[in-house]
Amino acid sequence: MERDCHPLLGGSSSERKYIHGFSSAEMQSLSSICEAILPPLPSSSTEITGKEEQPSKALRSFYKASGSQERNPDEVAEHIATRALPEAALLIRVILMILSTRLGTLLLCGSLCFDKKWPFVHKFSDLPLEKRETVLQRWFKRRFLTIIRLAFVLIKIVCLFVFFSRVDEDSKNPSWEAIGYRVETMESSSKTQKERHLQKGIIETNQETNSTLVNSLSQKGIKVKEDTERNLCKIECDVVIVGSGCGGGVAAAVLASSGQKVIVLEKGNYFNSTDYSSLEGPSMSQLFESGGLLATYDAKMMILAGSTVGGGSAVNWSAAIKTPDSVLTEWAEENGIPFFKSSEYYSAMETVGKRIGVTENCVKEGFQNHILRKGCNKLGLKVDSVSRNSSEDHYCGSCGYGCKRGDKQGTDSTWLVDAVNSGAVILTGCKAENFILEYNRKERTKKKCLGVTAKSLNNKITKKLHIEAKVTISACGSLLTPPLMLSSGLKNRNIGKNLHLHPVLMAWGYFPDSNLELKGKIYEGGIITSLHKVKSDSSKVKAVIETPALGPGAYAALCPWESGLDFKQRMAKYSRTAHLFSMVRDKGTGEVQKEGIIRYRLDKSDRENIKAGLREALRILIAAGAVEVGTHRSDGQRIKCKGISEMELEEFLDGVSALGGPVSKGENWMIYSSAHQMSSCRMGRDEEEGAVDENGESFEAENLFVCDASVLPTAVGVNPMITIQSIAFCLSKRISERLKQEEFSKRAD
């Protein structure tokens, strides 16, 4: 079926050319690993608990399918080469090369590569499938040389993500019917605009050349000159903003509406609601950092971060929760920033909620939220309804790939619309490289920011952009603002430190189709419409339990792998395997000082709190009627629920914990998730405690401001969209007032 969507978000051509550069020997090893991870199995393997009917043709075909078939290994290699950290890609390629030799296979696989016949020792790809599977099983449990285990884990993640998310020219994946998945095909609602509502302010540099870019800027009313000698395109404006998400979008609207000429730089592309396809693979590739496969340096945590016009607000799960009063009090009193308890901030939260159309009720809940609510009610636990920036009847499970209905009110359909209507210009496919800094002549110890240099990601544009502005705002998020500031020469010790990630672990429960009381699939309905707070005896929140959006690719990537058969049986139950996640307000912190290199450590209390949430989530799933529940621990930790005694349940729950990642020394390990990144350029009362002051201005560089999640003093503990937008609203209002008072100038006196 033909899908009406943007070409970048649709199916891929069978004639695609690969640039991964893997050798034939490396590809042979990779293909043999992919086949061992997802092996072809006989039809007799298709029996699934809870499905009484005979296995369908699609299911039988799925069991016969292999991870090494068609273009899958090449796609895996392409992801590794273009998305992974260079160090990770190198590690994987070294392992693949070692396995392509008999001696190397002997070193990594031991006696499993022996044979009684010549050549007596086999290389990995020549081993029988069963032996290759055993090799992977052993390495997944090894307590030593865990760096090698990490390589196999990364291949497993990418292989399974690619297999279950990749689509052909017809936007189809052959496994989807077997696992009960289908892409939502909805008629465009009355709210869906055929016309691209940012069109009059957008310049998409991927469609420009050196000459046309200058003309396009001039036509938008931007002062621009060509410097052929230095190969520069010199641009002048009042305010330049790097990033278009929750912070940048709000700042652009506030400052443009106050009469300032605003330019927004966004390295991602612009998509309107009618451009979205709801296809997991292409959408993740285009709308998220690293194609949705971003991870911490040790691969302990998978990180989702938006990378498109609208940033995270275009792809988040719609939860619109105000900053908790307890957190605001902490920030005001313990962090010494009284602004957070001011009427200014409370008023901003109301303004933000109104502009993005926050509603408090949900007319109809989806499968997973229904399970969360039912389980809590059975256990006598309180369930809170979650406000959303969409209508009350918004029943869309694919908003994480952009809201095709046009119902969710991200910055791309609210604040940025206000901005372009007030004359702002948005440059897409444009990446900031450095802030333009010079020493302030009045105060030699402090620098002054004069703007930013940037480049188009389009190879047809060779000219660098040199943008001079009265005010420069970094709003590219907690993972990108610090590297940009540090690469520009700023040295404040808080830049790139104190990173909070709201770590998440998931629990799952299988609800067979025979359970008629709970109808639907895990990908249907609003993503987050209810939550439960796990509290301590002193009523402090230890963890928050919510429901995730998991497409087949993400589900497969995070799911434990014990064997090829077990994994296919798990995937056959995909559509009715509900997930709840335990999220904590982390005390542990990380750092990000170079782009893409994220280090993070959990605090001991974080582990205890996330464990408490995980155990509560399992109880909720059982109470709701799950026939089997488990965690994502590497050994496939799970338990059948029918006839289970309270003692058996408690014994199982006692074994549930928050373990280390793949490079930890334990036999078992876990992979965490994060969709919220905060505090890496935190606001503080002075430069010892923060990177920016109460106005969001850098302590080191005058006229350089930060308006994104990185200014949060600590983790906020709830979905942070309202908090980020409220802070950005207040900071940009203050910047606007200062500009009106003409306290800024382009050059130091």
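This is a predicted model: local features need pLDDT of at least 70, side-chain atom pairs count only at pLDDT 80 or more; totals for chains, interfaces and linings use all residues.
Close-up 1. F152 is buried, at 1% relative accessibility. The ring of F152 forms a tilted aromatic pair with W139, with 6.3 Å from centre to centre and 35° between the planes. W139 lies in helix 6 (residues 129–139) and F152 in helix 7, so the pair ties together parts 13 residues apart in sequence. W139 is buried too, with a relative accessible area of 2%. The count of aromatic pairs comes to 20.

**Close-up 2. A cluster of aromatic rings.** F62, Y63, F163, F164 and F567 are linked into a cluster by ring pairs.

**Close-up 3. The salt bridge between E78 and R16.** The side chains meet at 3.8 Å, N to O. E78 belongs to helix 3 (residues 72–83) and R16 to the segment before helix 1 (24–37), so the pair ties together parts that are 62 residues apart in sequence. E78 is buried, with a relative accessible area of 5%, whereas R16 is partly exposed at 37%.

**Close-up 4. The salt bridge between E608 and K611.** The closest N and O atoms are 3.3 Å apart. Both residues sit in helix 20 (residues 604–624), and because E608 and K611 are three residues apart, about one helical turn separates them. E608 is partly exposed, with a relative accessible area of 40%; K611 is buried, at 17%.

**Close-up 5. A negative surface patch.** E15, D168, E169 and D170 form this negative patch. D168 is in the loop between helix 7 (146–165) and helix 8 (176–179). With 31% relative accessibility, D168 counts as partly exposed.

Technical notes:
Residues are numbered from 1 along each chain as its sequence is written. Side-chain values use heavy atoms; hydrogens and water are left out. Patches are made of residues with over 30% relative accessible area and no salt bridge: like charges are joined within 9 Å, nonpolar side chains (Val, Leu, Ile, Met, Phe, Trp, Tyr) within 5 Å. Accessible areas come from the Shrake-Rupley method with a 1.4 Å probe; for residues, only the protein chains shown count as cover. A salt bridge is a side-chain nitrogen of Lys or Arg within 4 Å of a carboxyl oxygen of Asp or Glu. Lys and Arg count as positive and Asp and Glu as negative; His and the chain ends are not counted. The place of a charge is taken as NZ of Lys, CZ of Arg, CG of Asp or CD of Glu. Helices (H or I, at least four residues) and strands (E, at least two) are DSSP runs, numbered from the N terminus. Buried means under 20% relative accessible area, exposed over 50%, partly exposed in between (1.4 Å probe, protein chains only). Rings of Phe, Tyr and Trp (its six-membered ring) pair if their centres lie within 6.5 Å; planes under 30 degrees apart count as stacked, over 60 as edge-to-face and the rest as tilted.
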